[in-house]
Amino acid sequence: MAGSRHNPRSGRVAIDTGTRLYPDLPRLPDPSMARIIAIANQKGGVGKTTTSVNLAAALAQAPKRVLLVDLDAQGNATMGSGVDKRELAGSTCDVMLEEMHAADVIVRVPEGFDLMPGNSDLTAAEIELMDEPGREQRLRRALDPLRERYDFIL
């Protein structure tokens, strides 16, 4: 039958009416755009940085186009990727404060992925953005133009 599906488990036939059963649930991401993976935990010392850097390197070897965004003021993902956080032309802080475009601060690392580096300036950005309306959307807005360039953004 056209427009219908048979469920072998229940023996029922579902008729596709063109409307979504759960319209409030998000659709699957557009495959031409990067899949964004957040590695987050409030507790320190649980392996967020190690996981992020190693996942970026492994995906780059797959080979996938990967952007690692370092949002930690300690800049350990930046240093762990082989980039000196003290010698940056631009950083995630500049992007968050909308002083630079994300594409202008990205650096290529030897492991084959791109990095938006972080450093201690992120602490100042957090304080400066505290009362800014829409601050929680700044990173999304900054990354949106880059989503077609990458398979994964971590």
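Me: Which residues have the most contacts inside the largest nonpolar core?

Reply: They're Ala56, Val66, Leu68, Phe113 and Leu154, and the core has 14 residues. A nonpolar core here is a set of buried Ala, Val, Leu, Ile, Met, Phe, Trp, Tyr and Cys residues joined through side-chain atoms within 4.5 Å. Buried means under 20% relative accessible area, exposed means over 50%, and partly exposed is in between, using a 1.4 Å probe and protein chains only.

Me: OK, and what kind of model is this?

Reply: It's a predicted model, where local features need pLDDT of at least 70 and side-chain atom pairs count only at pLDDT 80 or more, while totals for chains, interfaces and linings use all residues. Residues are numbered from 1 along each chain as its sequence is written, and side-chain values use heavy atoms, with hydrogens and water left out.

Me: What does Ala56 touch?

Reply: Not counting residues up to four places away in sequence, Ala56 touches Val66, Leu68, Phe113 and Leu154. Contact means heavy atoms within 4.5 Å. There's also a second, separate core of 13 residues, which includes Val95, Val105, Ile106 and Ile153.

Me: Why would side chains like these gather inside?

Reply: In soluble globular proteins, nonpolar side chains tend to be buried together.

Me: How much of the whole protein is buried?

Reply: Of the 154 residues, 31% count as buried.

Me: Switching topic: how many helices and strands are there?

Reply: There are 6 helices and 7 strands. Along the sequence they go β-β-β-α-β-α-α-α-β-β-α-α-β.

Me: What's the strand order in the open sheet?

Reply: It's E3-E7-E4-E6-E5, with mixed pairing. Two strands pair if DSSP finds at least two bridges between them.

Me: Which strands stand at the edges?

Reply: Strand E3 (35-36) and strand E5 (107-108), and each has a single partner strand, so one side of each is left without a neighbour in the sheet. E3 pairs with strand E7 (residues 152-153) in the parallel sense over 2 bridges, and Ile36 stands opposite Ile153 in E7.

Me: Where does H1 pack?

Reply: On the sheet, where H1 touches E4 and E7. The direction of H1 makes about 170° with that of E4. That angle can run from 0 to 180 degrees between N-to-C directions, with axes as lines fitted to C-alpha atoms, for helices over the stretch in contact.

Me: And what does E4 itself pair with?

Reply: E4 runs parallel to E7, joined by 2 bridges, and parallel to strand E6 (residues 114-116), joined by 3 bridges. Look at Leu67: its bridge partner in E7 is Ile153, and in E6 the bridge partner of Leu67 is Asp114.

Me: Which way do the E4 side chains point?

Reply: Val66 and Leu68 point one way, Leu67 and Val69 the other way, and all are buried. In a regular strand the side chains alternate between the two faces of the sheet.

Me: Why does Leu68 count as buried?

Reply: Because its relative accessibility is 2%. Leaving aside neighbours within four places in sequence, Leu68 is in contact with residues including Ser52, Val53, Ala77, Asp114 and Met116.

Me: Thr78 is a polar one. Is Thr78 buried or exposed?

Reply: Buried, because Thr78 has 0% relative accessibility. It lies in helix H2 (residues 76-80). The side chain of Thr78 reaches the backbone nitrogen of Gly118 at 2.8 Å. Its contacts beyond four places in sequence include Asp70, Lys85 and Pro117.

Me: What about Arg138, buried or exposed?

Reply: Arg138 counts as buried too, at 10% relative accessibility. Arg138 is in helix H6 (residues 138-143) and touches Met96, Leu97, Glu98, Leu129 and Glu132, again not counting residues up to four places away.

Me: What's the phi of Glu98?

Reply: It's near 60°, a positive value in a residue other than glycine. Glu98 lies in the loop between helix H3 (92-96) and helix H4 (102-105).

Me: Last one: where is the cis peptide bond?

Reply: It joins Ala62 and Pro63, with omega about -10°. Pro63 lies in the loop between H1 and E4.

Conventions:
Helices (H or I, at least four residues) and strands (E, at least two) are DSSP runs, numbered from the N terminus. A polar contact is a pair of N or O atoms within 3.5 Å; within protein, one must be able to donate a hydrogen and the other to accept it, and residues adjacent in sequence count only if both atoms are side-chain atoms.
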